[in-house]
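Below is a briefing on one structure, arranged by topic.

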Amino acid sequence: MLEDNIKGKVVIITGASSGLGEATARLLSAKGASVVLGARRLDKLEAIAADIHNEGGKALAVQTDVTDKKQVQSLIDQSIVTFGKIDVLVNNAGLMSIAPLSETKVDEWDRMIDINVKGVLYGIAAALPVFQKQGSGHFINLASVAGIKVFSPGGTVYSGTKFAVRAISEGLRHEVGGAIRTTTIEPGAVDSELKHGSSHKESADFVGEFYKIAISSDAVARAIAYAIEQPADVDVNEIVLRPTVQDF
């Protein structure tokens with residue numbers, strides 16, 4: 001069975017304290033993976049890890065801010081110390097701050113770039129040498145349908161960060177794809193904390209209304225599991241998934 005390709009793998013997930021990161025950790029653990037949970041909120045991580053342990057799974061909680069490359073490196077290092085290897089890195093941590101450019105929310109632009117782009121790059125920088133030494137590995141990077149079509153007005157900078165994730169992922173695939181797999185996941189509206197990232201009231205109200213159509217985080221978790229469980233010679237490069245009723 002294909003899910004046997006998940007059993008025994010060590011999977012690191014950033015942004016694992018809630019939403020699709022949490023859902024992915026729980027699903028992969030149920031399929032026999034050892035999961036490493038990275039996020040800033042250690043109490044949330046430890047509660048999820050405790051649940052996984054109680055269900056007979058293996059989990060490690062590591063407090064991690066993906067904007068700090070030393071913390072990302074520590075996440076990788078602690079995973080190897082605990083489990084002896086890493087097989088998959090899910091670069092999931094993200095921020096969506098929606099506001100028109102005319103609001104000039106530069107601090108939020110910087111934050112999105114730091115988390116959505118540099119956070120992914122820090123993950124790649126920390127894990128790639130390990131994967132190359134092993135001769136195997138799998139990067140799964142979370143982009144968005146907003147990385148396929150610019151979401152504007154309001155999401156221009158967010159779209160820019162997610163276009164960047166797609167570009168980085170494709171370049172990574174091309175550069176190291178002989179033995180290392182690269183998957184980009186591009187969800188539409190998914191029920192998670194991502195929708196709460198906007199400080200601009202009109203934009204936040206719009207996002208709240210738009211996300212009434214959101215699908216569950218479990219849908220994305222299943223897409224991630226699908227990519228992981230394929231045989232080693234199959235590299236699922238992109239998965240786009242939306243609510244059936246979403247036209248954007």
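**Strand pairing, aromatic rings and a loop serine**

Ile-12 stands opposite Leu-89 in strand S4. The model is predicted, so local features need pLDDT of at least 70 and side-chain atom pairs count only at pLDDT 80 or more, while totals for chains, interfaces and linings use all residues. Residues are numbered from 1 along each chain as its sequence is written, and side-chain values use heavy atoms, with hydrogens and water left out.

- Helices (H or I, at least four residues) and strands (E, at least two) are DSSP runs, numbered from the N terminus.
- S4 spans residues 88-91 and is covered on both faces, with Val-88 and Val-90 buried on one side and Leu-89 and Asn-91 buried on the other.
- Buried means under 20% relative accessible area, exposed over 50%, and partly exposed in between (1.4 Å probe, protein chains only).
- In a regular strand, side chains alternate between the two faces of the sheet.
- Strand S1 (residues 10-14) runs parallel to S4 and is joined to S4 by 3 bridges; two strands pair if DSSP finds at least two bridges between them.
- Strand S5 (residues 137-142) also runs parallel to S4, with 4 bridges between them, and Val-90 stands opposite Ile-140 in S5.
- Together with helix H4 (residues 106-134), S4 and S5 make a right-handed β-α-β unit.

**Aromatic pairs**

- The whole structure holds 5 aromatic pairs, counted for rings of Phe, Tyr and Trp (its six-membered ring) with centres within 6.5 Å; planes under 30 degrees apart count as stacked, over 60 as edge-to-face and the rest as tilted.
- Phe-131 and Phe-139 form an edge-to-face pair, because their ring centres are 4.9 Å apart and their planes are at 65 degrees; both residues are buried.
- Phe-206 and Phe-210 are stacked, because their centres are 6.1 Å apart and their planes are at 15 degrees.
- Both Phe-206 and Phe-210 lie in helix H6 (residues 201-210), 4 residues apart, about one turn of the helix.
- Phe-206 counts as partly exposed at 45% relative accessibility, and Phe-210 counts as partly exposed at 24%.
- A cluster linked by ring pairs takes in Phe-151, Phe-206, Phe-210, Tyr-211 and Phe-248.

**Ser-144**

- Ser-144 is placed in the loop between S5 and helix H5 (156-176), and at 6% relative accessibility Ser-144 counts as buried.
- A polar atom of the Ser-144 side chain lies 2.9 Å from the backbone nitrogen of Ala-146.
- Contacts of Ser-144 (heavy atoms within 4.5 Å) include Tyr-158, Lys-162 and Glu-186, not counting residues up to four places away in sequence.

Definitions and conventions
A crossover is right-handed if, with the strands pointing away from the viewer, the path from the first strand over the helix to the second runs clockwise. A polar contact is a pair of N or O atoms within 3.5 Å; within protein, one must be able to donate a hydrogen and the other to accept it, and residues adjacent in sequence count only if both atoms are side-chain atoms.
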